[in-house]
Amino acid sequence: MTRLATIAAVTLVGSANAFTLPQNNMVASRSALFMADDKSPVERGVSMDQDGKSNVWAIEPKMEIENKSSEEKTGSALAAGAGLAIFGAIAAFALTNLPDPDQF
């Protein structure tokens, strides 16, 4: 019985560390990040207020305009459809030529 109590006590002491606050050793940097070749600041989506609290927000990606014509889109769709049909034909051929499991 004492062995079981000892094991339970060691387990409880070991798991008590799970409920402590993490030690944050990171130093807050208040300088802007710069690229190696140019000196323009990089927008990061992080700032610090006057109380030292950090504010984090999302940075939306830049919009990209699609430059494909309808003919290019149609060609891509036809190529994808043809690839799907070839894959289906190969899969059907493989599945129809499987050996009979009752044969063994």
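Student: Which elements of the chain have the lowest and the highest mean pLDDT?

Tutor: This is a predicted model, and strand S1 (residues 46–48) has the lowest mean pLDDT among the elements, 78. Helix H2 (residues 70–96) has the highest, 95. Over the chain, the average pLDDT is 79, and 75% of the residues score at least 70. Where pLDDT is low, the predicted coordinates should not be read in detail.

Student: What pattern does the chain follow along the sequence?

Tutor: Its two helices and two strands come in the order α-β-β-α.

Student: How do you know that the length of helix H1 agrees with its number of residues?

Tutor: Helix H1 (residues 2–15) has 14 residues, and at 1.5 Å a residue it should span 20 Å. The C-alpha atoms at its ends are 20 Å apart, so the two values agree.

Student: Why is H1 said to lie largely in the open?

Tutor: Buried means under 20% relative accessible area. Of the 14 residues of H1, the number that are buried is zero, so H1 lies largely in the open. In the chain, buried residues make up 1% of the 104 residues.

Student: Why is Glu72 called partly exposed?

Tutor: Glu72 lies in helix H2. Partly exposed covers values between the 20% limit for buried and the 50% limit for exposed. Glu72 has 43% relative accessibility, so it counts as partly exposed.

Student: What makes the pair formed by Ser69 and Glu72 a polar contact?

Tutor: The cut-off for such a pair of N or O atoms is within 3.5 Å. The backbone nitrogen of Ser69 lies 3.2 Å from a polar atom of the Glu72 side chain.

Terms used: Residues are numbered from 1 along each chain as its sequence is written. This is a predicted model: local features need pLDDT of at least 70, side-chain atom pairs count only at pLDDT 80 or more; totals for chains, interfaces and linings use all residues. Side-chain values use heavy atoms; hydrogens and water are left out. Helices (H or I, at least four residues) and strands (E, at least two) are DSSP runs, numbered from the N terminus. Buried means under 20% relative accessible area, exposed over 50%, partly exposed in between (1.4 Å probe, protein chains only). The expected span of a helix is 1.5 Å times one less than its number of residues. pLDDT is the predictor's confidence in each residue, from 0 to 100. A polar contact is a pair of N or O atoms within 3.5 Å; within protein, one must be able to donate a hydrogen and the other to accept it, and residues adjacent in sequence count only if both atoms are side-chain atoms.
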